[in-house]
Amino acid sequence: MSFNKNNPNAMGKIMGYLKQLSTEMGGSEQSRRVQPDEERLYRSSRGPKYARVPSRPTLSASTTCTSLATSCGSQGTLAPNYATIPEIVSTESSSEDEQDSFEKTRRHFQQLRQISLGNEFKYKMEMEIKSAKEENIRNSVPFVKQLSTESNKVKTDANLAINGDALPYGPTTQRLYLWTQVFAAFAVSMGSLIVGFTSGYTSPALLSMNETLSITKDEGSWVGGLMPLAALVGGIVGGPLIEYVGRKLTIMCISIPFFIGWMLIANAATVTLVFAGRALCGICVGVGSLAFPVYVGETIQPEVRGALGLLPTAFGNIGILLAFFAGNFLNWSNLAFLGAALPVPVFLLMIIAPETPRWYVSKGRADDARKSLQWLRGKNVDTEKEMRDLMRSQTESDLTKGSNTLGQLFSKKYLPAVLISLGLMLFQQLSGINAVIFYASELFIMAGSSLDKDMCSIIIGVVNFVSTFIATAIIDRLGRKMLLYISSISMITTLTVLGSYLYIRDMKVDVSSYGWLPLACLMIYVLGFSIGFGPIPWLMLGEILPSRIRGTAASLATGLNFACTFIITTSFHKIVQLINMSGAMWLYSVVCIVGLLFVIFFVPETKGKSLEEIEKKLTGGSRRVRSISSNKPTINSC
């Protein structure tokens, strides 16, 4: 059939009109195909918003041909390549020009339709791929969470920020390798047990010593007071000793004088040998009191440094109880023999324990430091990051000008850390703890307590012992500052109440119905002290002091602590004579208030922080090292 507008057949007439319309408006084949098919495909693939709007002739032809395809039902199937629509050959002849125009229009329609369907196919394929990727991601989320939970890698440096703005420090210690750090802390804590035993020795030993040696009252007071004075000397000597000899070797070395001192006391025929033995043991107490926290601080990871760092204090309380308990069954000489046996396990345990990695780094022994760190953290744990932090911190210390370490203590860079350590030691002793503990029996008598004074002393000793383990369990959860807050508030409250009770009693008011109050106040007071201001100043002594001055500053803080101990214990009776017992309690309460303000405004939180981060926060780090680190090129990994 012929395709012209005069054809009586309806279909032929429609095709004739379409042919005429495309001839008039379509233009040439070249004008309709101004853009290559690839460019149209590129523009169409960007979505309907960016699709190319065809020119008027192309629009007319494509619209007409699309309508024709719809009316004829030639939609085809969705596939990137399509077969050419078969041509319906007419049995009637037509002119060559008309047939040419129709062929061009038909081919143009096929090209547009293939491009359009191809874009649709490509879009659907892209959506299917995207959907598959999203499905894979959703399915992999539980496995990623499981891997991140089981992973024992150290978190990024952002999580280790000292200022507290970042996320909390996550646990990185593997349970399998925690035992090496527990072993190191236990070895040091056995040394602290000797310190506690030495402090508690005089209370049960003096009674039997008077029967054998016939010592005077003044000589008996010197048996107890000589130890803190000698410890003051040991604290001053211990700082340079742990710097030059090493932490491990220092602890091993004091085991020998401890043994000799106790043997002098055990075999003493005169009080002079007792004085010599007590002085020698006192020097070892001073050296050990600063060496123990420094060793623990430099070997234990931040996640467990709080709990394991309190073990020496807990074992010190065990040593006091051991002296009291064994003193009920042994005389002063046999009790001294027991004291001579205690340094032996310390010496043997410290042979196995390693030297601290930080001391090795300070001496330029990087290989030994790496071996020590690997022993403490475990063979399968990557310690390179911690090793780099140690090296960087030591480099900053080495770049500090000046070689006079004693002069650097009060330099602008190190002064904040030194003052914080001295302040904590000062308020620890000025809170009156030693006066309360040493004169607990007399205090109960003066307070008119209805309970037996010996039973009250035992109860306070047990509370002091148990409370340290409570602090060990909660210090890494609540933090150092929170425990110091609780400690200060409890001591302020109990001392104020006890002072008021004593004042009312001095005013001749009947308080017999409140005879339980002195014991309750002292129990809460000792509990508060033992979870905060008792152990934390010693723990933070090994945390906040910079590595370059750690030994010297620790010896200064330890010396101040024992000096304050001696002053408080010897001045307590004079203070009571001047302002009465109630005034003494109120005075200690005021000191605790000042100590609370000191903690609030000056003491930093060190929970979960590495020693390098604490040092950088307090000292600001070295400008030269920071500039080198900031200019260091980063390596991008795929």
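How exposed is Asp-368 in terms of relative accessible area? Asp-368 is partly exposed, at 26% relative accessible area; the class lies between buried (under 20%) and exposed (over 50%), with a 1.4 Å probe and protein chains only.

1. Basis. This is a predicted model, in which local features need pLDDT of at least 70 and side-chain atom pairs count only at pLDDT 80 or more, while totals for chains, interfaces and linings use all residues. Residues are numbered from 1 along each chain as its sequence is written, and side-chain values use heavy atoms, with hydrogens and water left out.

2. Overall make-up. The protein has 28 helices and 0 strands; helices (H or I, at least four residues) and strands (E, at least two) are DSSP runs, numbered from the N terminus. Of the 638 residues, 47% are buried. Among contacts (heavy atoms within 4.5 Å) with a separation of 6 or more, 79% are between residues 24 or more positions apart.

3. Cysteines. The disulfide count is 0, a disulfide being a pair of cysteine sulfur atoms within 2.5 Å. For Cys-284, the nearest cysteine sulfur belongs to Cys-281 and is 6.3 Å away. Cys-284 is buried at 3% relative accessible area, and Cys-592 is buried at 5%.

4. Salt bridges around Asp-368. The model contains 11 salt bridges, each defined by a side-chain nitrogen of Lys or Arg within 4 Å of a carboxyl oxygen of Asp or Glu. Asp-368 pairs with Arg-365, with 2.9 Å between the closest N and O atoms. Arg-365 is partly exposed, at 36%.

5. Helix α16. Arg-370 and Asp-367 form a salt bridge with closest N and O atoms 3.8 Å apart. Both residues lie in helix α16 (residues 366-377), 3 residues apart, about one turn of the helix. Arg-370 is partly exposed at 30%, whereas Asp-367 is exposed at 55%.

6. Lys-385 and Asp-389 form a salt bridge at 3.3 Å, N to O. The two residues are 4 positions apart in helix α17 (residues 384-398), about one turn of the helix. Lys-385 is partly exposed at 24%, while Asp-389 is buried at 18%.
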